[in-house]
Amino acid sequence: MAKITFITSDEQSITVEGNSGNVMELAVKNKIKGIDGNCGGVCSCATCHVHVLPEYWDKIGAPSELENDMLEFDENISDHSRLSCQIQVTDAIDGVVLKVAK
Amino acid sequence: MSGNNTVDKTCLIIGASHAGTNFAFALRREGWQGTIKIFDADSVFPYHKPPLSKAYFSNEDSSQVDLLFPKENYITDHIQLHLGKAVTLIDKEKKTIALEDGSIEEYDKLVIATGARPFIPKIKGINKAQNLYPLRTASHAIQIGEFIKTSKNKRVVIIGGGYIGLETAASLKKLGAKVVVLERENRVLARVTAPEMSNYFHTLHHQNGVELLTNKNVVSIENNDNGNTVFCDDYTNYRADLIVVGVGIKVNTELAEKAGLAIENGIKVDATAKTNNDHIYAIGDCTFHYNKHYNRFVRLESVQNAVDQAKVAAAAICGNRIEYDSIPWFWSDQYDVKLQMVGLSTGYKEVIERVELDNDKSRSVWYFKNDELLAVDAVNNPKAYVLGRRFIKSRQKINKTKLKDTAIPIKPNSFL
Ligand SMILES: Cc1cc2nc3c(=O)[nH]c(=O)nc-3n(C[C@H](O)[C@H](O)[C@H](O)COP(=O)(O)OP(=O)(O)OC[C@H]3O[C@@H](n4cnc5c(N)ncnc54)[C@H](O)[C@@H]3O)c2cc1C
Ligand code: FES
């Protein structure tokens, strides 16, 4: 079981729990504003972009090459950008905080 | 109609696929407090369609389709889902719709999200062919998958070399089928991409053992004890245990047409997804809509358009006016190749193809009309896709000489 906190663009902080699937799916299930997941999680659309708060970056880890290529030239990229459909919900990411990208 | 005086109002939606379901949730987010009911003739719980020709076939459990939204979200958002219910009539004077079972439902706002159905060409013998399916719904994919997984004989003929045909070819090949694709034009993907892309995908399929044949006009199908024989007008024929028909779609405009709404290559809507009736909106594949960037009306078959129009219509109905202003995008996965497309290439006069120096699997085709960048097709090249989208959106002028020079890597300022 992992507790994950999302901070939306209007500064709402929402903590949800999950134990399977990916973080995008968990966000859609919990109606987190700004995470659409339009391509269904195949790393094609970037409508699931989040910024990991720096202190949790090590827990989440860096993106794959393909994901990195999707993010590199995105107008809203930060040093801790991830596509949330590429992050699996596992105990290992319990407690992380993710800011929903614009 | 602002969200807070909608308590007694009813919004009905026809079609519970990408457009209809996204609209329903968006309408709640925009503040609609009244009733929301969605009707769909399909009885399968609303699911993602793109995987049906792609990842679906590698699922262990063939009944497993990806839900668009989890079941509990419909309950918590009070969205009433009526599945297996076909709508037969819209009465725009009375503001009602009629269902197949004869019941009548009243609306204050109606949203038509009826999408499209597969076009089945008039080929002699097509109605008698064995194991012949189009691929548009979960039930089609389930039947195709079950057949390939259980039949000893796995000769597949796919009629039509568009995205769905090619994706299905790749997926069924992976399952051990012997696949032949018959395309009528002289190249695959002729309707949607430049010859450079067609060539690339042609080679890709050959390398993967799919027989891809062009200039093949199918004229008849005979079924016999041991499967089917598919005949082309060049006197060739192909044996098939399973036939998949992927030659395009027909837009579901009949309801709208009968109701007297404006139709033109689809249900005609304005920049807020409204039809020519103030209380009726239309979204998704069924619409002929205005694209601001390209300054013309278009009809698109894509998830992007379904979702973006859904949001625009939801906002409009709740009095929060936003206009449709999207650059279309689309993707396709075949084997381990990821194709991403952005923009509309129709009307292009010139293409520039790049094969990246450091990775020959990574390529892109850039479509221009004079100096204007219209569209980009990117193969295993998300950077080209993302930057292409930025350039198109900002109408950046591209230095074509630099773009052609693959010694210059793809970066935001590379082609100024
Ligand atoms: C196999 C496949 C692969 C695809 N791959 C991609 C891809 O990779 N990327 C991409 O962007 N797009 C892809 N698409 C296209 C994408 O799925 C469509 O653009 C999208 O489904 C459009 O959504 P829609 O809701 O407008 O229409 P539809 O999905 O067609 O849904 C319309 C719904 O309305 C219902 N309906 C119609 N008439 C009635 C009636 N009278 N009464 C009740 N219900 C009715 C239908 O049953 C249907 O469920 C693919 C499509 C298919 C079939
Ligand atoms: S959902 Fe499309 S990239 Fe993550």
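**A glutamine in a helix, a helix, and an interface**

Start with one polar contact: the backbone nitrogen of B:G284 lies 2.7 Å from a polar atom of the side chain of B:Q309. Before going further, please note that this is a predicted model.

B:Q309 sits in helix α7 of chain B. Is B:Q309 buried or exposed? Its relative accessible area is 2%, so B:Q309 is buried. Apart from residues within four places in sequence, B:Q309 is in contact with B:V269, B:A273, B:I283, B:G284, B:T287, B:H289 and B:Y324.

Compare that with B:I142, which belongs to helix α3 of chain B, residues 138-150. B:I142 is partly exposed, at a relative accessible area of 26%. Not counting residues up to four places away in sequence, B:I142 touches B:Y56 and B:S62. B:S62 is 80 residues from B:I142 along the chain, yet their C-alpha atoms are separated by 6.2 Å.

Next, helix α5 of chain B, residues 195-207. With 13 residues at 1.5 Å a residue, α5(B) should span 18 Å, and its end C-alpha atoms are 18 Å apart, which agrees. Which residues of α5(B) are buried? They are B:M197, B:S198, B:Y200, B:F201, B:L204 and B:H205. These residues cover an arc of only 160° around the axis, so they are on the same side of α5(B). What they pack against, in chain B, is α4 (163-174) together with the strands β12 (211-213), β22 (329-334), β23 (337-343), β25 (363-369) and β26 (372-379). Just after α5(B), B:G209 takes a positive phi of about 85°.

Now the interface between the two chains. The size of an interface is often given as the accessible area lost when the parts come together. For chain B and chain A the buried area is about 2,000 Å², and carbon and sulfur atoms give 61% of that. Chain B puts 27 residues into the contact, and chain A puts in 20 residues. The rule finds 10 residue pairs in polar contact across this interface. On the side of chain B that touches chain A, the elements giving two or more residues are α2 (71-76), α7 (303-317), β22, β23 and α8 (382-393). Of these, α8(B) gives the most, with seven residues.

How many salt bridges cross the interface of chain B and chain A? The rule finds five. One salt bridge joins the side chains of A:K29 and B:E72, at 3.7 Å from N to O.

B:K383 takes part in a network of salt bridges with A:D69 and A:E72. In the pair of B:K383 and A:D69, the closest N and O atoms are 3.9 Å apart. That pair runs from helix α8 of chain B to helix α3 of chain A, residues 65-72. A:D69 is buried, at 15% relative accessible area, whereas B:K383 is partly exposed at 24%. For A:E72 and B:K383 the closest N and O atoms are 3.5 Å apart. A:E72 lies in helix α3 of chain A and B:K383 in helix α8 of chain B, so this pair also joins two chains. A:E72 counts as partly exposed, with 31% relative accessibility.

Last, a salt bridge inside chain B: B:D234 and B:K216, with the closest N and O atoms 2.7 Å apart. B:D234 is in the loop between β14 (227-232) and β15 (237-240), B:K216 is in the loop between β12 and β13 (218-224), and the two are 18 residues apart. B:K216 counts as buried, at 10% relative accessibility, and B:D234 as partly exposed, at 32%.

Methods. Residues are numbered from 1 along each chain as its sequence is written. Chains are lettered from A and ligands numbered from 1 in the order in which they are written. This is a predicted model: local features need pLDDT of at least 70, side-chain atom pairs count only at pLDDT 80 or more; totals for chains, interfaces and linings use all residues. Side-chain values use heavy atoms; hydrogens and water are left out. Helices (H or I, at least four residues) and strands (E, at least two) are DSSP runs, numbered from the N terminus. The expected span of a helix is 1.5 Å times one less than its number of residues. Buried means under 20% relative accessible area, exposed over 50%, partly exposed in between (1.4 Å probe, protein chains only). The arc is that of the directions from the helix axis to the C-beta atoms. Contact means heavy atoms within 4.5 Å. Buried area is the accessible area (1.4 Å probe) that two parts lose on being put together, summed over both. A salt bridge is a side-chain nitrogen of Lys or Arg within 4 Å of a carboxyl oxygen of Asp or Glu. A polar contact is a pair of N or O atoms within 3.5 Å; within protein, one must be able to donate a hydrogen and the other to accept it, and residues adjacent in sequence count only if both atoms are side-chain atoms.
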